[in-house]
Amino acid sequence: MIAALLVAARAARWGPADPVPDPGPALPEERRRKLAPADALVVTTGLELARSTGLAGPADPPRRMAIALAADGCPRGARAEFLAGPPPPGLASPTLFLRTSANFPAAQLAIALGSRGPSATFAGSADALERAVLWLAAGAAEEAIVLGARRGEGAEAVAALLRRDDGSEGWRVEASRRPGRIPDGDELSALLPLVSPPAEAGEVGLAEGLRLRWRTSR
Amino acid sequence: MSGTRVFVHGLGAACAAGEGVEAIWTAWRRGETRLAPLASRSTASRVFVGRSRVRSSDPAAEPPGPTAMALARRAIREALGEADPECRAGLDLVLGTTVGLGGDTGRDPEGAPFGALAERLSGEWGFARASTVVSSCTASMEALGTAADRIRAGLSPGAVAGGADALSDLVLRGFDCLGMLARRTPRPFDRERCGCAIGDGAAFLLLMSEEEGRRRGLPAIAELVAGAAGISDHPFSLAEPEGNALAGAIAAALDAGGAASPDLAFVQAFGLGTEAGDVAEANALRAVLGSALDRVPVTGTKGLFGHTLGAAGALDAVLSIRALREGRIPALTGLVEPDPACALPRLLREEEPARGDLVLQVGVGLCGQSAALLWRLPP
């Protein structure tokens with residue numbers, strides 16, 4: 001049984017004005033323009049979290065930070081945009097094609113943070129979170145960032161950074177969320193306890209056999 | 001993580017080279033490429049692809065569905081083999097894919113999310129849990145690594161893990177615009193390389209802990225010693241020349257497995273068949289394995305059945321294990337004259353005996369994704 005102990009949690013709230021917040025110099029405009037809107041939301045939320053936790057900018061040597069992404073449903077918008085391009089022998093856009101790959105946001109985050117740690121992209125947020133915990137437990141990474149987004153109308157993103165907590169058996173978790181309505185049972189549900197853990201210490205099941213226990217310092 | 005060891009108890013595969021592990025293995029040994037030209041509306045001119053016969057199988061013979069699902073059913077059935085329903089109890093399904101149910105057209109007419117293929121298969125077979133990995137072309141290697149780590153952590157008694165993908169407009173058009181598609185038979189690592197052929201495929205492995213396999217009475221045919229996945233921080237990650245991310249994954253897998261490069265019987269290369277990809281892969285192998293590469297043979301399968309995307313890693317895993325068990329390493333399909341720029345002196349042009357019981361399998365994917373797995377014969 002794997003259990004992660006959340007010893008501190010903090011929800012950093014975004015302002016509601018800009019649908020895709022400016023992540024600052026970590027993600028230059030020419031790179032941001034390559035991202036589909038939902039992916040930009042994921043990447044910028046992850047970068048804001050990195051900045052607020054002292055991980056902004058590329059590192060030398062590269063970080064061994066794990067990146068686990070929950071990709072939700074397929075990137076329909078990116079696929080439709082790519083397939084709507086000029087038919088052969090016209091010139092389709094390589095950038096638009098790369099955007100159809102589910103792991104594209106993880107790659108953009110790795111570039112911005114200078115990370116060469118383990119990375120995988122999953123369809124579900126519980127699987128992504130579990131993967132990050134397993135990497136940390138195995139010592140494959142010193143810290144892990146887990147991200148997810150709900151696409152389409154009302155898109156929103158959640159990012160959580162898990163780091164080993166000195167002096168305890170668990171990991172310290174810091175999380176941020178683009179505010180918005182998150183329906184019950186959607187693809188972000190496994191990440192929500194990381195953003196807004198209840199005031200009292202508690203425990204929640206994330207997947208078969210995987211539970212998180214936490215105490216909060218807020 | 002615990003010291004639990006993870007063993008393979010079943011293999012299943014289907015692709016252009018054949019239906020079933022035996023047929024694909026035989027085709028690989030014979031060096032019989034099963035790739036053929038296709039005039040597609042998605043590409044600027046005729047390209048080579050690997051189309052599985054499962055694609056055109058009698059719809060009455062099994063439940064109808066997209067090609068990826070038919071391929072996956074075929075491979076899962078073979079991987080489970082003689083494991084009766086009682087032996088299958090509590091198993092997870094961990095599936096890697098890039099297009100999922102949208103494979104036949106790439107337009108995803110059902111609007112199916114990535115997880116739909118695994119969910120439907122899980123419903124048919126009664127798996128305890130279905131998970132989907134969508135990390136581009138290394139997806140099934142990461143599915144295998146994830147399943148193994150769950151078993152090691154005691155989260156799961158076992159899993160059917162692998163991948164499935166089918167030809168699609170999306171992928172053909174995408175790889176064409178990247179200038180990666182072959183207009184003749186692919187020849188990875190060759191002076192005359194010409195790109196890659198996209199293919200249909202599915203492969204799955206039945207994984208269990210040592211204790212669970214023994215309890216269920218299933219013989220072990222290989223051990224998944226260790227795995228690692230990485231991503232590149234290089235801004236042009238499609239063709240990172242040094243192969244740093246892959247090198248990191250190889251080093252991490254060897255370290256986690258407590259293995260050293262001289263222990264390797266052979267390397268199962270990814271061998272995409274593009275100049276940038278082949279050179280980067282060779283550089284990554286050289287950076288980690290060093291002078292051992294002067295002795296360790298390197299082989300590959302993309303010239304046989306094409307690049308099967310989310311299934312590619314699982315297909316190579318199945319064939320790596322088969323080669324270990326047979327004690328023979330088939331030649332790298334399509335190789336005639338090795339490209340000296342790749343600095344891999346032991347690229348196999350002919351089959352040779354395997355000396356050792358450990359194989360390193362590597363994989364790379366779009367957006368800088370990379371993975372490495374270590375397989376070994378059981379004691």
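**A helix and its cover**

Ala245(B), Leu246(B), Ala247(B), Ala249(B), Ile250(B), Ala253(B) and Leu254(B) are the buried residues to look at in helix 8 of chain B. The model is a predicted one, and the values below are computed from it. Helix 8 of chain B runs over residues 244–256, which makes 13 residues. From its first C-alpha to its last it reaches 18 Å, close to the 18 Å expected at 1.5 Å a residue. The cover over the buried residues of this helix includes helix 9 (275–289) of chain B, along with strand 10 (222–231), strand 15 (358–365) and strand 16 (369–376) of chain B. Just after helix 8 of chain B comes Gly258(B), with a positive phi of about 60°.

Helix 5 of chain A, residues 104–113, is mostly covered, and ten of its ten residues are buried. They are Phe104(A), Pro105(A), Ala106(A), Ala107(A), Gln108(A), Leu109(A), Ala110(A), Ile111(A), Ala112(A) and Leu113(A). A glycine is found just after helix 5 of chain A: Gly114(A) takes a positive phi of about 65°.

Leu162(A) is part of strand 6 of chain A, residues 156–164. Its relative accessible area is 2%, under the 20% limit, so Leu162(A) counts as buried. Leaving aside neighbours within four places in sequence, the contacts of Leu162(A) are Leu129(A), Val133(A), Leu136(A), Glu143(A), Ala144(A), Val146(A), Trp171(A), Arg172(A) and Val173(A). Of the residues in that list, Arg172(A) is ten residues from Leu162(A) in sequence, and the C-alpha atoms of the pair are 5.6 Å apart.

In chain B, Thr132(B) sits in strand 6, residues 129–133. Thr132(B) is buried as well, with a relative accessible area of 3%. Which residues does Thr132(B) touch, not counting those up to four places away in sequence? From chain B they are Leu95(B), Thr97(B), Phe114(B), Gly115(B) and Ala118(B). From chain A they are Thr121(A), Phe122(A), Ala123(A) and Asp127(A).

The view can now widen to whole chains. Chain B has eleven helices and 16 strands. Its radius of gyration is 19 Å, close to the 21 Å that the globule rule gives for 379 residues, so chain B is as compact as a globular protein of that length. Along its principal axes the C-alpha trace of chain B spans about 55 × 50 × 40 Å. Of the 379 residues in chain B, 66% count as buried. Among chain B contacts with a separation of 6 or more, 79% are between residues 24 or more positions apart.

For chain A, the secondary structure comes to seven helices and nine strands. Chain A has 218 residues, of which 59% count as buried. Of its contacts between residues at least 6 apart in sequence, 66% join residues at least 24 apart. Chain A exposes about 8400 Å², with carbon and sulfur atoms supplying 53% of that area.

Note on methods:
Residues are numbered from 1 along each chain as its sequence is written. Chains are lettered from A and ligands numbered from 1 in the order in which they are written. This is a predicted model: local features need pLDDT of at least 70, side-chain atom pairs count only at pLDDT 80 or more; totals for chains, interfaces and linings use all residues. Side-chain values use heavy atoms; hydrogens and water are left out. Helices (H or I, at least four residues) and strands (E, at least two) are DSSP runs, numbered from the N terminus. The radius of gyration is taken over C-alpha atoms; the globule rule is 2.2 Å times the number of residues to the power 0.38. Buried means under 20% relative accessible area, exposed over 50%, partly exposed in between (1.4 Å probe, protein chains only). Contact means heavy atoms within 4.5 Å. The expected span of a helix is 1.5 Å times one less than its number of residues. Accessible areas come from the Shrake-Rupley method with a 1.4 Å probe; for residues, only the protein chains shown count as cover.
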